[in-house]
Amino acid sequence: MAIRFRADNIGSLLRPAELLEARAALREGRIDPEKVREIEDRSILKALEMQRAAGVQIFTDGEYRRDIFTADITKAMDGLVPGKPVVKFEWRGKGKELAEESKEGNLQYIVGGKLRRKGRFTPNEAPFLKQHAPGPFKVCTPAAMQHAIMRYRPGVTDKFYPTIHDMLQDVAAIMREEVQALIDEGASYVQMDAPSYSNFFDQNRRDVLKQNGIDLNEALNAAIAADNAMIDGIKRNPDVVLGIHFCRGNKRSAWGAEGSYEPIAEKAFASLKMDRYLLEFDTDRAGGFEPLRFVPKGKTVVLGLITTKEPQLEAEDQLLKRIEQASKYVPVENLAVSTQCGFASAASGNLITWDDMQRKLELVVKTAQRVWGN
């Protein structure tokens, strides 16, 4: 299959003030959901036009119908109860205080019953994009493994699922239906977001997990098995793309993890059955390109070289040099380029402006054109 989307588009975009105000009013019961839907629609149309002007190859709705990238999981599955995970990780970087204060995602849930599908993670997203996107579109959804460490709590969850693997198999079955629905609704590309893989390569997080009695090898195996089960048997046309995004945290320009992919590269890259791996390489915190030596032949690696956390534009020549360095491990014909993450994994967004965001997307496109000519 020919490589599609050399200039990739991770997903979330900065929300207009009107949309942020509307969703705050909805939480407080000061506005009707129908009115919020109108504002969402209007905001998405503006975001699509911005992406078209930037020249992107794959369009998203900016995740404007969500407060956070995971969406409202309580609307999608039964079996969740309020509760904090065993392990709490801290935000780091210049926006850490803002990230801690941000309300999105503060209400946490763990698995406290048998999981059953009751709704959609991403309702109304693909049909609107199919009608209005100027070109092929992507929808992002959490990877099944995203629930591994965060949702499994000994003493509660193990009453229903003896192991993390058991729980994740039910999660994967639920998420498989979501992925199939998105493809059936016309998505050209489904991206699974999986920031929790950073738990297995950030040394501080690895230490914390070990201290809490979590077997890292067993948990990683369960995570990979769940993400593969999430797409196993999916019916799709050959040109429909499935990708997985490995993230180190992205909220109010703060980050949560650091470290090379090396501890997971051989097992994860070789075992995951995705078409594309979207990997962060925007700072030294991500390490070098050496782990890419484990990427199997024929897979596409999307190099997240352009940061969404800072407004400054990266130098084009430096980006070209870094792509050349990565091509020592993965042939350039199997590479693509993107920002390292979305611009607003949580609705409050990173500490840049709308114009900064558009310039970043334009830089992604221009870099792709200089390397691949499309």
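Visitor: Among contacts between residues at least 6 apart in sequence, what share joins residues at least 24 apart?

Guide: Contact here refers to heavy atoms within 4.5 Å. In this predicted model, 82% of the contacts between residues at least 6 apart join residues at least 24 apart.

Visitor: How many helices and strands does the chain contain?

Guide: The chain has eleven helices and eight strands. Its radius of gyration is 19 Å, close to the 21 Å that the globule rule gives for 374 residues, so the chain is as compact as a globular protein of that length. The C-alpha trace spans about 55 × 50 × 45 Å along its principal axes.

Visitor: What percentage of the residues counts as buried?

Guide: A residue is called buried when its relative accessible area is under 20%. By that criterion, 57% of the 374 residues are buried. The accessible surface of the chain comes to about 15,300 Å², and carbon and sulfur atoms account for 48% of that area.

Visitor: Which backbone atoms does the side chain of Thr 60 reach?

Guide: The side chain of Thr 60 reaches the backbone oxygen of Gly 11 at 2.7 Å. A polar atom of that side chain also lies 3.0 Å from the backbone nitrogen of Gly 62. Beyond neighbours within four places in sequence, Thr 60 is in contact with several residues, among them Asn 9, Leu 48, Leu 129 and Lys 138.

Definitions and conventions
Residues numbered from 1 in each chain as written. Predicted model: local features only at pLDDT ≥ 70, side-chain atom pairs only at ≥ 80, totals over all residues. Heavy atoms only, no water. Helix = DSSP H or I, 4+ residues; strand = E, 2+ residues; numbered from the N terminus. Rg over C-alpha atoms; globule rule 2.2 N^0.38 Å. Buried < 20%, exposed > 50% of the residue type's maximum accessible area, 1.4 Å probe, protein only. Areas by Shrake-Rupley, 256 points an atom, 1.4 Å probe, with all protein chains shown as cover. Polar contact = N/O pair within 3.5 Å; in protein donor to acceptor, adjacent residues only side chain to side chain.
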